[in-house]
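Welcome, and take a moment to turn the model around before reading on. The report below walks through it step by step.

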Amino acid sequence: QGLIASAPETTPSIMSACELTSALHVNSPADEVAEEAPLPRSFELPDPANPGDVHPDPEPWNWSEFLKMLGPGLMTCLADTDGPCLQTAASSGVQYKYGLVVVQICLIPVLYAAQELTVRLSLVTKDGITGLIRRRFGKFWAWFACTLHVLMCIQQQMGEFGCISQFATEVWGVQKWWPPLLYFVMLFLTIVLGHWYFRVLEILGMCAGSCQLLLIYVMLATRPVFSEFLSGLWEMPFSDMNYNVLMSGNIGAVIMPWMLYYQQSALVQKKVRVSKIAYCRAETKIGACLAQVVMLSIVVAMGTAAYAGPSAPATGFADIVEAVGPSLGGELASKWVISIAMVGACGCASICLMVTPIWSICEIMDWKKDFDYTPREAPGLYSLQVLGLVLAYLMAVFTDISSTPTWAICAQIVNAALILPVACFLWLLAADAQILPRKYRLEGAYKWTLFVVFGVVCLYCAFGTVMTMISPSP
């Protein structure tokens, strides 16, 4: 009797479970395969149905925790001032003295604003730029952005190897094949160390990038006259087309698309909690200031030591060494100081460039992209890094293409073509209610201010590209 009496009570629960199971499988198997997974949220936050839900505030400030967080933001900013960027800054000083210093100062908040968007997106969604584009806008736009990103990284990595080869040949007079070989071996070892412990790769990159701070000493050693410096700040000949082209080159070099990809994916790699966003923002502010101070330093140093007027040709590494030699105590001292700064800048950039395109490919192909995996578990992550380094090395040793005007024009075309969609995607993702909750979403006046600022940056990049193609510099 007890069994008979309990039967009516258990039947409704069985029926409810069946109904729940059928409700969860209303789509056909084909629809389930085609449907994207839900956008990932921070593992410490609920997936809010209402974007206005309250989220935990940032952690109280702790200096030891801040030092542990250092890495992605500093790496990104120090990688931004790589070898080609230093040459652009040197040419700015030689041709227009201090006329582009104000531009470098004004670009600090622009650089920070772009990087801060990647901080928001990575900490909340736990996904890279390519992954978010795929989930929000579909595979077509993800492949579009990924393809341009990979092309940009390939040409930029070749440019870094080309700078190493060019510097060794022009400044030290050695054969061009073995400095890139040593550079290749150094980068290959960073891949091995990155697999062993990703933090080591970050520390090596930050140490290499910090070598650029020697350029601040170079600026001080040239002893610019303060009165001339102040008066020269406002000498901006906007009627000079070459000045506008050079200014567009300086502006375009600030928001380098590949560095934004790197910072967002690196924060995802480190599994940073959203409650630590204050640390990431502080690191990004420090990095943005350091990057622009380095660029400003080389502009002022070359403007003081080697100003020659707007008709001066493009400045090479040998010209930089020769110009600052008397201020540094001789040619040998100048060679060593500029060598350390330049190799460190290129090294930091190359570490980012060998990792970020592979992360982008892994995000779109659903491959394993975490450095905690072994090469056997994530073959694409490691093999493609090595392949990219081999390609860059071969191009630097067996051709001179990475140091030709044609290569420079192609690099600007790729950069201008990529910075527009990346800036658009970043802005759209950060302002999207389906991506970020209200607390971290772009809203109000700041949202539209960034829209205008990013628009100006993109227009200047496009302008510089067109003008360079029409009348390339000698």
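## Charged pairs and the helices around them

The side chains of Arg-199 and Glu-202 form a salt bridge, with N and O 2.8 Å apart. Keep in mind that this is a predicted model. Arg-199 and Glu-202 are three residues apart in helix H10 (residues 198-210), so about one helical turn separates them. Both Arg-199 and Glu-202 are buried.

Glu-116 and Arg-120 are both buried. The count of salt bridges comes to 15.

| Salt bridge | N to O distance |
|---|---|
| Arg-199 and Glu-202 | 2.8 Å |

## The chain as a whole

Stepping back, which kinds of element does the chain have, helices or strands? It has 20 helices and zero strands. Of the 474 residues in the chain, 53% are buried. Among contacts between residues at least 6 apart in sequence, 85% join residues at least 24 apart. The accessible surface of the chain comes to about 21,100 Å², and 69% of that belongs to carbon and sulfur atoms.

With 34 residues at 1.5 Å a residue, helix H8 should span 50 Å, and its end C-alpha atoms are 48 Å apart, which agrees. Just after H8 comes Gly-173, with a positive phi of about 70°.

## Two lysines in loops

Positive phi values also turn up in residues other than glycine. Lys-97 has a phi near 55° and is found in the loop between helix H5 (83-96) and helix H6 (101-125). Its relative accessibility is 24%, so Lys-97 counts as partly exposed.

Lys-126 has a positive phi of about 60° and is found in the loop between H6 and helix H7 (129-137). Is Lys-126 buried or exposed? Its relative accessibility is 16%, so Lys-126 counts as buried.

Lys-126 is also one of the residues in contact with Val-268, as are Ser-122, Asp-127, Gly-128 and Lys-369, leaving aside neighbours of Val-268 within four places in sequence. Val-268 lies in helix H14 (residues 257-270) and, at 12% relative accessibility, counts as buried. Val-268 and Thr-125 are 143 residues apart in sequence, yet their C-alpha atoms are 8.8 Å apart in space.

## Aromatic rings

The structure holds 24 aromatic pairs. In one of them, Trp-63 and Phe-66, the ring centres are 5.8 Å apart and the planes meet at 85°, so the pair is edge-to-face. Trp-63 and Phe-66 are three residues apart in helix H3 (residues 63-69), so about one helical turn lies between them. Trp-63 counts as exposed because its relative accessibility is 58%, whereas Phe-66, at 5%, is buried.

Trp-141 and Phe-144 have ring centres 5.6 Å apart and planes at 85°, so this pair is edge-to-face. Trp-141 and Phe-144 both lie in helix H8, three residues apart, about one turn of the helix. Trp-141 counts as partly exposed at 40% relative accessibility, and Phe-144 is partly exposed at 33%.

Which residues form a cluster through ring pairs? They are Phe-137, Phe-140, Trp-141, Phe-144 and Phe-425. Over the ring of Phe-137 sits the charged end of Arg-136, 5.8 Å from the ring centre. Elsewhere, Lys-335 lies over the face of Trp-172, at 5.2 Å from the ring centre.

Methods. Residues numbered from 1 in each chain as written. Predicted model: local features only at pLDDT ≥ 70, side-chain atom pairs only at ≥ 80, totals over all residues. Heavy atoms only, no water. Helix = DSSP H or I, 4+ residues; strand = E, 2+ residues; numbered from the N terminus. Buried < 20%, exposed > 50% of the residue type's maximum accessible area, 1.4 Å probe, protein only. Expected span 1.5 Å × (residues − 1). Contact = heavy atoms within 4.5 Å. Areas by Shrake-Rupley, 256 points an atom, 1.4 Å probe, with all protein chains shown as cover. Salt bridge = Lys/Arg side-chain N within 4 Å of Asp/Glu carboxyl O. Phe/Tyr/Trp six-rings, centres within 6.5 Å; stacked < 30°, edge-to-face > 60°. Lys NZ or Arg CZ within 6 Å of the ring centre and 35° of its normal.
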